[in-house]
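Hi everyone, thanks for making the time today. Let me put the structure up on the screen, and then I'll walk you through it.

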Amino acid sequence: MSTDIKKMYERAYVAFKVVEFWPQDKVDEMVAAVGWAWQKEENAMAMAKLAIEESSIGVYEDKVAKIQSKTRGSLWQMRDVKTCGLVRVDKEKGLKIYAKPMGVIANVVPSTNPESTVTALGVNILKTRNAMIVSPHPRTKGSTNLAVEIGRKALIKIGAPVDLMQCLSEPGHANAVELMQLCDFTVATGGAALAKVVHQAGKPSHTVGAGNVVSMVDSTVDLPSAAAKIVKSKIANNSASCSSENAVAVEEDAFNEMVAALQAEGGYLCSTKERERLREYYWPDGKSLNRDVVAKPVKHLAKQAKIEIPEGTRFLMVMGGKPGPEDRFSGEKVSLVLTLWKWTDFSEMIDRIKIMLEFSGLGHSVSIHSNREDRQDELALKLNVGRVNCNMPHAMANSGSWFNGQPCTDSLGGGTWAGNNTSENIIWKHFLNYTWLSVPIPEFIPTDDDIFGDYFKKWGRD
Amino acid sequence: MIRAILFDFTQTLVDSSSGFRLAEKRVKRNLFSYLGLTDWDEFLHKYRQIRSESTSRSIFSRKTIWQEVCWFFCSIGDEIKLKEWEDEYWVTVDHNTRLFSETLTVIMELSKTYKLGIISNTQGRVGELRNHGLDGFKIIEPYFQSVIIAGENSIPAKPKHQPFELCLNQLDIEAHESVYVGDDWKNDICGSMKAGLQPVWLKHHSINRNWPEGEFSGPTITSLDKLLDLALFN
């Protein structure tokens, strides 16, 4: 076992023990100090700049905005939340519920969001009086380390234990596994394969799943407005987010107009031949996604696939073929290519999306642009996803924004559908244990009729 | 007075260079394809960097190294596949490892006068495979009074001083009384020099590689039989 990681854990544990019983006001002050430091323009800019230099993933301005919005959004949503000591009383049931921290949490962060995953989860982990040791991705260890350093300086400023936040200096698979085996809990933001590694480490954890967002569009909405929202979400960070739309499924009556609206927003519809060249570039062996495409500018993608695009093109579009593994365009692409589907029967399109999600992205999310509440409900009822967002730019809405109520986070649970422990947006409540204190209440024992009355009326007592 | 001659194993007593070259070529292609990459230069650069960093931290298991390469390129290596590749890797190395033509003769001659020892870093083999390539060369084993596999069983890897000292203790020899023959600049020459032994740098004529530059005033030989002519044995 590496001495360094063990020592880091020991230091983190000592820091955790200092804050373990801190009162709410002291904890909130600490969270405000660190959150303020992270969202400061100069710090967000420094983190974003370094992340781009290291990874060539994403767009600088979008990254700055994301660091700030996720940090501020998380802080705003948790402002009145009690996470320390007695947090709930139910006099009728004679219950008092006490919130307790978990201990030292391993935060395994991806190369796509090496800074915002630290800040968004970091404020939640501190809010719950836990310590955090971050395991960066090797490609982006600089920006992740910078995020942690900024947080540590803020902790020092207000006299909080600095080792509440640490970061591995030599990241890698073996060190990440060792860290997870040592820590009391792990939160890991990555795909299904990472989730498997996390579970093998043998400690409780939260993991997330891959995305493969399909955005349903019908003729009840203003199509140019829907197109603008979809594109805003699609091109953010060059589609680095798992919440950016991978596909748009449009009602047939609205299809041509919607395609025109997407083209007006900078979409280039590939011909059949161009689609084939793109396919060969994206999946050179027919199966594995070419890592070179992830969150790269559209000019780069077009050049590599030998597609001539007009000036002003912001993303590429291809027609979908058969949903599922036979057509890789129906899966997650994490890049500026949007797959188009056409439907006449809403329920039938849901069935096709089910196939796509089974192939890639089960548990994540789906989007709909429709003014029909029955369709919004049908989508939410039938699809095994943690989130459905209606009439909004999906990437912004999915992980919480100023214009919707989804909890603000950088990590989205995909439920058991994705092999995760939660289907929720991961926030402060996912880093707590609870002690339930119970006192006697007047005894009440319900009769058979109290419990089974409705059943008896229908089926009798036999 | 020299009383013992200690040796490295691979590329010193045996030639496994073509075996390693072939095995490395094969696994690099496998990894590159598995990871769905298209930039070979970037992959090769990173592969070499990770391999070098791993061995400098005494991580010799090929599977572990390849897992780190996968991790860098945002993939989790399939355990079964990596194990298959590792097994295949060592089979390739073993099938293409030979004693140098002069090894047995030289060892037999030297053993008449000197105590002999081997200090070799582990190759990171696991499981049912041979733990070290040395196991396949029983013919020379009787001539050595001490064999140290460093980098496992709590013995630090070369160039740390501990494996050299352990070997000397087993032979009941002082450092200045022994010569260390090896091919690797850092692990063998620098490591043995720092431990107080007298290094001899073997740059075998049959091995095609780029020898690193190093300021070394000691003897450099191009085959093992040149050892017999060295002045420091007289």
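I'll go through the chains, their domains and their sheets in turn.

One thing to keep in mind throughout: this is a predicted model.

Let's begin with chain A as a whole. Chain A has 16 helices and 15 strands. Along the principal axes, its C-alpha atoms fill a box of roughly 70 × 70 × 35 Å. If you take the contacts in chain A between residues at least 6 apart in sequence, 72% of them join residues at least 24 apart.

Now, the domains of chain A. The assignment divides the chain into domain 1, which is 3–207 + 427–437, and domain 2, which is 213–403. How far apart do the C-alpha centres of these two domains of chain A lie? They lie 32 Å apart. Where the domains of chain A meet, seven residues of domain 1 are in contact with eight residues of domain 2. The domain 1 side of that contact in chain A is made up of two nonpolar, three polar and two charged residues.

On to the sheet I'd like you to look at in chain A. It is an open sheet of seven strands, paired in parallel, and the order reads β10-β11-β12-β9-β8-β13-β14. At the edges of this sheet stand β10 (267–269) and β14 (385–390) of chain A; each has a single partner strand, so one side of each is left without a neighbour in the sheet. From one strand to the next, the twist averages 25°.

Zooming in on one pair, strand β11 (residues 315–319) and strand β12 (residues 337–343) of chain A run parallel and are joined by four bridges. In that pairing, M319(A) stands opposite L340(A) in β12(A).

What packs on the sheet? Helix α9 (residues 223–235) of chain A does, touching β8 (213–217), β9 (245–251), β11, β12 and β13 (363–369) of chain A. The direction of α9(A) makes about 165° with that of β9(A). There is also helix α10 (residues 252–264) of chain A, which lies across β8, β9, β10, β11 and β12 of chain A. Helix α10(A) runs at about 135° to β9(A).

Is S239(A) buried or exposed? With 28 other C-beta atoms within 10 Å, S239(A) is buried, because the cut-off for buried is 20 or more. Leaving aside neighbours within four places in sequence, S239(A) is in contact with K234(A), S244(A), A295(A), V334(A), S335(A) and L336(A). For a sense of scale, the C-alpha atoms of S239(A) and W402(A) are separated by 20 Å, and these two residues are 163 residues apart along the chain.

Over to chain B. The domain assignment here gives domain 1 (4–16 + 97–233) and domain 2 (18–95). The C-alpha centres of these two domains of chain B lie 26 Å apart. Between them, 14 residues of domain 1 of chain B are in contact with ten residues of domain 2 of chain B. On the domain 1 side, that gives four nonpolar, nine polar and one charged residues.

Chain B has an open sheet too, this one of six strands with parallel pairing, in the order β5-β4-β1-β6-β7-β8. The edge strands are β5 (146–150) and β8 (220–221) of chain B, each pairing on one side only. Strand β1 (residues 4–7) of chain B runs parallel to strand β4 (residues 115–121) of chain B, with four bridges joining them. There, L6(B) stands opposite G117(B) in β4(B). Helix α6 (residues 162–171) of chain B lies across β1, β4, β5 and β6 (178–182) of chain B, at about 160° to β5(B).

Last stop, the place where the chains touch. How many residues does each chain give to the contact? Chain A gives 17 residues and chain B gives 15 residues. On the chain A side, the elements that give two or more residues are α7 (173–182) and α8 (192–200). The largest share on that side, four residues, comes from α8(A). By class, the chain A side divides into seven nonpolar, five polar and five charged residues.

Methods: Residues numbered from 1 in each chain as written. Chains lettered and ligands numbered in written order. Predicted model: local features only at pLDDT ≥ 70, side-chain atom pairs only at ≥ 80, totals over all residues. Contact = placed C-beta atoms within 7 Å. Nonpolar A, V, L, I, M, F, W, Y, C, P; charged D, E, K, R; others polar. Pairing = 2+ DSSP bridges. Axes fitted to C-alpha atoms, helices over the stretch in contact; angles between N-to-C directions. Domains from an automatic or database assignment. Buried ≥ 20, exposed ≤ 12 C-beta atoms within 10 Å, placed from the backbone.
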